[in-house]
Amino acid sequence: MGGSPSIPAPPPPPNPMDAARANDLFYRSSLNTYIEKQPEIADLEQNLREKYAPRQRDLERQMSALDLQKSAQAGLQVERELGPQRSLEAMRRQFEMSPNAFATQQGLGQQAAVQFARLYGQSPMNFVPQQVQQSQGAGQVDYLSGLPRTGIV
């Protein structure tokens, strides 16, 4: 049952000087090839730039415009949903933080209404359209309607 091992012996290690010489030769030949081919590569890059750069810039402008449009629409949607709540919250916070400033603002508003009435001879509320005066709030608006649904949002 004893015999030679089934795994052959590994080859001897390479000579470090030969390996270094081979690496140096490969590196030099790679550099020489790169230097030789550089004008061709530069011409190819320039041709590709001339061919595709205008299209790429056009696509980048379109993507930028779409991004701005989407962010503006999202901002409008949020403002539409949360605007009144934000206004009330800001007034409440102002009243809590500085009741004097709140009272001053309220007084200035009343004074402006009185001055308006003196100047025009009517209450400022008469100049507000009737549907706005008696409105129960604006109807729900979907700013994203009419845009194709991508499934992402």
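This is a predicted model: local features need pLDDT of at least 70, side-chain atom pairs count only at pLDDT 80 or more; totals for chains, interfaces and linings use all residues.
The chain has three helices and zero strands, and from the N terminus on its elements follow the order α-α-α. Of its 153 residues, 3% count as buried. The accessible surface of the chain amounts to about 13800 Å², and carbon and sulfur atoms account for 60% of that. As for contacts in the chain, take those between residues at least 6 apart in sequence: 47% of them join residues at least 24 apart.

Let's turn to how two of the helices meet. Two packed helices are described by the angle between their axes and the distance between the axes. Helix H1 (residues 16-97) and helix H2 (residues 99-120) pack at an angle of about 125°, with 5 Å between their axes. That angle makes H1 oblique to H2. On the H1 side, the contact is made by Met-91, Gln-94, Phe-95, Glu-96 and Met-97; H2 contributes Pro-99, Ala-101, Phe-102 and Gln-105.

Now for the surface. Tyr-27, Leu-31, Tyr-34, Ile-35 and Ile-41 form a nonpolar patch there, and together they have about 520 Å² of accessible area. Ile-35, one of these residues, is found in helix H1. Is Ile-35 buried or exposed? Its relative accessible area is 54%, and because exposed means over 50%, Ile-35 counts as exposed.

Conventions
Residues are numbered from 1 along each chain as its sequence is written. Side-chain values use heavy atoms; hydrogens and water are left out. Patches are made of residues with over 30% relative accessible area and no salt bridge: like charges are joined within 9 Å, nonpolar side chains (Val, Leu, Ile, Met, Phe, Trp, Tyr) within 5 Å. Accessible areas come from the Shrake-Rupley method with a 1.4 Å probe; for residues, only the protein chains shown count as cover. A salt bridge is a side-chain nitrogen of Lys or Arg within 4 Å of a carboxyl oxygen of Asp or Glu. Helices (H or I, at least four residues) and strands (E, at least two) are DSSP runs, numbered from the N terminus. Buried means under 20% relative accessible area, exposed over 50%, partly exposed in between (1.4 Å probe, protein chains only). Axes are lines fitted to C-alpha atoms, for helices over the stretch in contact, and angles run from 0 to 180 degrees between N-to-C directions. Angles under 35 degrees count as roughly parallel, over 145 as roughly antiparallel, 65 to 115 as roughly perpendicular and the rest as oblique. Contact means heavy atoms within 4.5 Å.
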